[in-house]
Amino acid sequence: MRARADVTAIRAEYPMSERQACGLASVAVSSYRYQVKFPQRDEGLKARLTVLAREYPRYGSPRLCVLVRREEIYNHKRVERIYREAGLSLRRKKRKRLMRQPAPTVVVQAANQEWALDFVTDALASARHVRILTVVDVFTRECLALETDTSLGSLRVLRVLDRIIAERGAPQRIRSDNGPEFTSRAFLAWGLEQRIELVHIRPGKPIENAHVESFNGRLREECLNASWFRNLFDARRQIDAWRDHYNRARPHSALNYLSPLEFALAHASASFGSAEVGRGTSNAGPSPHTPRPAQNGEACRMIS
C-alpha cells in the first residue's frame, strides 16, 4: 500500500511514465497494477479482530489470532495482515537496558516446585493506595492468588499461603525479594516449620524473579491500567475476575498459547499416563529420583 502511494506521488510530481516511476520506487509494475479480487472477504475477520482488540486492548496479534481461531480456522499470516491494516498494532516504547549476566536458577519441571511472590501497588478512585500480593507457580504460570487490601503484613501473607497449600499442596521453594514481609521472623519460622526452601533474590536484581515480574507487567497492563476502581470491594471483584480469565482463557505465549489451566491439566494427564506405563512394565524399586522422606531435625535451606 505504501509503495503504491509512493509511485502515485512520484507520477503526480514529475512527468514520467508508470514504468519509470515504478523503477524509481523499486516497485514491480505488476504489483502496482494489482487489484484486490475479493475486497469484502476480510470484512468479517476485520470486524471480529476490532471487537476483540477493544475488549482486550493489550493483546497483540498472536493472542488475538488464537482467540479468532477458536471460532473459525484462519491462516495466521492473513490475521496478521488484517490486524496491521486495521491499525490495531500495539505501540511499545523501546527501553534502553543494561545487559548483565543473569544469576543461575533452578529449572523447574513440575507444578509446585517453585512459587514466586511479589507485591503490586495501585490506587482507588479516592486516591487511596492498595497493595496486591501476587503468587505465581513458575512451571504452570498459574496465578495462585491476587490478595488485595490497603495493607498486607507478614501474617496476612502467611494466611494466604496456608490457604493455597490447603488447596493444592506445599511447594518445594518460594522465591521472593527482600521486603520486610518476606524476611520477618514469622515468615522465616513458617518456612522452617513447613520445610519449604525460601529463596531471596539479591537486592536490586528483580530479573532473578523474572516470572512474577513478567506476570506483574501483564496484570498492570491488562487489568490495573485498564480499570477504574470505585472502592476496595470493586477492586477485589475486578482483579479476581481478571485472575479467573488469566488462568482459564488467556493464551500464554510461553505455554504454546495455552491458558495456564489448560497447560497444567495437560501436563498432569501426561505425567499420570507415564506413571501408569512405568508401573505396568517394571518391577524395580523406587526411582532414583523418588523424593527421600524428611528426617527428624532436618531444616530447610534458606538462601538470602
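**View 1. Five strands form an open sheet in the order S3-S2-S1-S4-S5, with mixed pairing.** Strands here are DSSP runs (E, at least two residues), helices are DSSP runs (H or I, at least four residues), and both are numbered from the N terminus. Two strands pair if DSSP finds at least two bridges between them. S3 and S5 are the edge strands, each pairing on one side only. On average, neighbouring strands of this sheet are turned by 20 degrees against each other, direction ignored. For such angles, axes are lines fitted to C-alpha atoms (for helices over the stretch in contact), and values run from 0 to 180 degrees between N-to-C directions. Before moving on, please note that this is a predicted model: local features need pLDDT of at least 70, side-chain atom pairs count only at pLDDT 80 or more, and totals for chains, interfaces and linings use all residues. Residues are numbered from 1 along each chain as its sequence is written, and side-chain values use heavy atoms, with hydrogens and water left out.

**View 2. Helices H7 and H11 pack on the sheet.** Helix H7 (residues 154-168) touches S1, S2, S3 and S4, where contact means heavy atoms within 4.5 Å. The direction of H7 makes about 150 degrees with that of S3. H11 touches S2 and S3, and its direction makes about 170 degrees with that of S3.

**View 3. Strand S4 (residues 173-176) is covered on both faces.** In a regular strand, side chains alternate between the two faces of the sheet. Here Arg173 and Arg175 lie on one side, Ile174 and Ser176 on the other, and all are buried. Buried means under 20% relative accessible area, exposed means over 50%, and partly exposed is in between (1.4 Å probe, protein chains only). S4 pairs in the parallel sense with strand S1 (residues 114-123) over three bridges; arginine 175 is the bridge partner of alanine 116. Four bridges join S4 to strand S5 (residues 197-200), also running parallel, and serine 176 has histidine 200 as its bridge partner.

View 4. Most residues other than glycine have a negative phi. You will find arginine 141 in the loop between strand S2 (129-137) and strand S3 (143-149); it is partly exposed, at 22% relative accessibility.
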